[in-house]
Amino acid sequence: MQKLFLKICLIMLISQGALCAKDYNASLFGIKSDGITLNTQSIQRAIDFISEKGGGKLKFYVGRYLTGSVQLKSNVSIELNEGAVLVGTTSIYDYMGINGTKALIMADGQQNIGVMGKGVIEGQGAGVIEQINKQIKKGYLEESMAQASPGLIAMKNCIGVNIEGFNLQNASGNFVTFSGCKQISIKGISIKNPATKEGKGLVFAQIDGLKLENLFIETAGAEIHSDGQSKNITIVNCKNASGKSLLMKN
Amino acid sequence: MIYKNKITLFFFLLLGFQLSAKDYVATEFGVKNDGLTLNTCSIQKAIDFIHEHGGGRLVFESGNYVTGSIYLKSNVTLQLDYGATILGSTNPFDYVKDKKIGWMSMIFAVNQENIGITGKGIINGRGFTTANNMVNYIHRGVFIDPLKYDRPNETNRPQNIYFRECTNIIITDITLKDPASWNQTYDQCKNLYVDHITVDSKSYWNNDGIDVVDCDGVVIKNSYFDAADDVLCFKSHSAQHICQNVVVDNCVGRSSANGLKFGTVSRGGFKNFKVTNLTIFDTFRSAITFAAVDGGEIENIVIDGVRSINTGNVIYLRIGDRWSSGKKPYMKNITISNVYAEVPLGKPDAGYNFEGPIEDLPRNISPASIVGLVENKIQNVTLKNIQIVYPGSGNPMYAKRGLTPAELDGVPEMREAYPEFSQFKELPAWGFYVRHAEGITFENVTFTALKKDYRPSVVLDDVKNATFSGLVVNEPESIGKQQVFPYKTSNLIIK
């Protein structure tokens with residue numbers, strides 16, 4: 001009970017921190033909503049800048065924002081407002097990975113970070129997989145399909161992560177992967193249209209403090225997958241496409 | 001000549017390298033030629049793959065390829081076919097400021113060997129847009145830069161090419177356009193071969209033609225340069241290094257600064273240069289400028305065959321004391337021969353994009369000059385078969401520097417100033433001004449003024465051992481005028 005109280009305090013502190021942090025519009029950094037301009041370096045510059053300035057929100061409004069992998073930094077949140085679509089490029093060499101897990105939004109060893117809003121993260125999975133196949137056939141890509149397929153969110157060794165409200169679709173890899181993280185909250189997310197039969201929804205390894213609430217997950221692979229070494233897990237009202245309540249699968 | 005043998009050997013090495021190379025087509029790696037897709041990561045993947053698989057050429061077939069910063073690796077040549085254009089991203093955040101180099105560039109190479117960029121394609125930095133986008137980010141406070149002179153520092157604007165500490169470089173046939181900063185820099189490289197390139201570089205401040213910094217073994221030939229800043233620019237950034245063993249042949253240059261330039265950064269120095277068949281036209285400053293203002297050593301320089309048409313100045317040799325930090329600079333054993341030059345009354349680069357700044361007024365047309373320091377004289381300069389046509393018409397009511405000791409001593413020394421031919425404002429001669437020099441030979445030299453000038457053609461101030469043979473001076477209404485005026489000069493021989 002005491003532990004829970006502490007956790008509530010921490011979450012309050014984090015959300016309060018987010019309240020007094022500054023908001024930055026994407027356009028300030030020249031990030032383009034045309035769906036053509038590859039914004040990777042501009043988004044990265046924005047994240048680095050906000051983090052260096054003490055933290056805040058990077059806000060995206062209506063439009064399609066094409067990008068490759070970006071790394072989230074401490075005290076920075078990405079807010080995808082209604083109508084904002086963060087689009088993963090089909091150009092496969094624009095994706096980076098953490099310990100072999102590639103993803104569009106990555107974080108490694110960061111604190112107090114998040115992705116929120118009512119927008120969309122679009123993986124363009126079919127296009128990505130087609131490109132990976134071509135490059136493997138030509139012999140230029142020396143990775144397996146599983147290694148090369150990027151997920152949408154992958155975080156490692158992070159503390160205090162808030163994922164809330166938006167829609168994830170068409171991932172070529174697993175949609176969301178967390179490993180070695182503490183205090184993760186995932187709320188009100190919908191995960192749909194996986195590009196592969198193997199693609200999992202949420203993948204967890206060695207998590208301490210995980211709250212899943214009001215999730216809808218439609219995947220061919222496991223909706224929620226855990227290594228069995230995670231603890232302090234709460235799951236409330238999480239469903240798959242047939243309305244079945246979801247539990248952790250090891 | 002030792003360096004000639006070295007260069008021949010280098011050609012054979014390059015030939016062997018080229019024959020064994022395998023071709024890879026860029027689009028096969030998912031690189032798009034649509035002029036929209038940013039290909040940075042795909043091009044980098046292709047370079048890395050070729051580098052790791054025995055080397056070869058990455059071929060860009062006809063099309064437009066957008067990219068940010070990429071790093072060229074050993075044994076990889078970028079082949080730009082006719083019709084292929086590499087377009088620099090106009091987003092400054094797509095460029096890396098290399099930590100070792102401290103500059104931004106589109107194509108980097110650091111510590112690599114056997115690399116090249118070849119073919120009849122184009123590299124277009126689109127620098128004006130990129131630079132102005134950078135200005136925007138600075139104003140918004142998302143990029144920090146002092147914005148001195150209302151422009152981002154030159155290290156915060158991407159060049160097209162920056163190679164550092166590389167060996168065996170071939171740059172042939174390409175066209176290099178519109179960088180946001182300098183254009184192509186080769187820094188502490190060995191064996192650089194540049195042939196048949198075209199440079200069109202006048203989109204923003206500091207757009208040079210080619211910058212060769214502290215390199216050893218350089219050939220630049222059959223190339224055409226049109227640049228806002230210096231054209232053939234040799235620099236020495238490091239006091240421990242030297243720019244040496246350089247051949248420049250059959251090049252044409254146009255500049256809103258200088259044509260052939262040594263410096264301005266001149267810490268180590270410049271040795272063993274042979275420059276032949278050089279044409280400089282419509283150029284704002286000097287066709288030839290050597291600056292030893294940072295402690296550098298300049299020696300054994302041969303320049304043979306220069307046409308300098310419509311240039312603001314022809315020859316400017318200068319020793320100064322800007323960043324010498326105790327090092328003693330020198331300039332000696334310089335031969336300049338077979339020069340025909342015309343200096344205009346008007347602005348030679350009028351109408352070109354990014355014109356040079358009108359400055360150092362009031363002054364009448366400045367003469368060619370050799371200016372050392374009292375304690376560091378410029379030594380052993382031979383000028384042979386030189387013809388320079390000046391407009392004359394120097395008007396003392398506009399600007400006057402007479403020949404009295406007070407007036408001649410009154411020419412400022414400007415030891416620490418940035419060296420340009422016009423820096424002293426009005427000089428006392430219309431043809432050639434020599435100060436603080438030793439062993440100056442004028443052989444078969446003709447100075448022509450198209451109109452009468454109030455000044456004599458030549459003034460020598462603090463010169464030891466000056467010899468004139470076959471000096472011809474043509475100036476209207478000048479019968480009986482003393483055309484060579486020595487001051488504090490010893491052992492002057494006029495034959």
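Two residues are in contact if their C-beta atoms, placed from the backbone, lie within 7 Å. In this predicted model, local features need pLDDT of at least 70 and side-chain atom pairs count only at pLDDT 80 or more, while totals for chains, interfaces and linings use all residues. Residues are numbered from 1 along each chain as its sequence is written, with chains lettered from A and ligands numbered from 1 in the order in which they are written.

The contact between the chains takes 18 residues from chain A and 18 residues from chain B. On the chain A side, helix H2 (40-52) and helix H3 (125-138) each supply at least two residues. Helices (H or I, at least four residues) and strands (E, at least two) are DSSP runs, numbered from the N terminus. H2(A) gives the most, with 4 residues.

Chain B is assigned domain 1 (1-229) and domain 2 (238-495); the bounds come from an automatic or database domain assignment. Their C-alpha centres lie 33 Å apart. In chain B, 28 residues of domain 1 are in contact with 23 residues of domain 2. S19(B) provides the largest share of the domain 1 side, 6 residues.

A nonpolar core is a set of buried Ala, Val, Leu, Ile, Met, Phe, Trp, Tyr and Cys residues joined through C-beta atoms within 7 Å. A buried residue has 20 or more other C-beta atoms within 10 Å of its own, these atoms being placed from the backbone. The largest core holds 198 residues, of which A:Ala46, A:Leu152, B:Ala46 and B:Ile169 touch the most other members. Strand S24 (residues 269-292) of chain B gives the most to this core, with 10 residues.

Technical notes: Buried ≥ 20, exposed ≤ 12 C-beta atoms within 10 Å, placed from the backbone.
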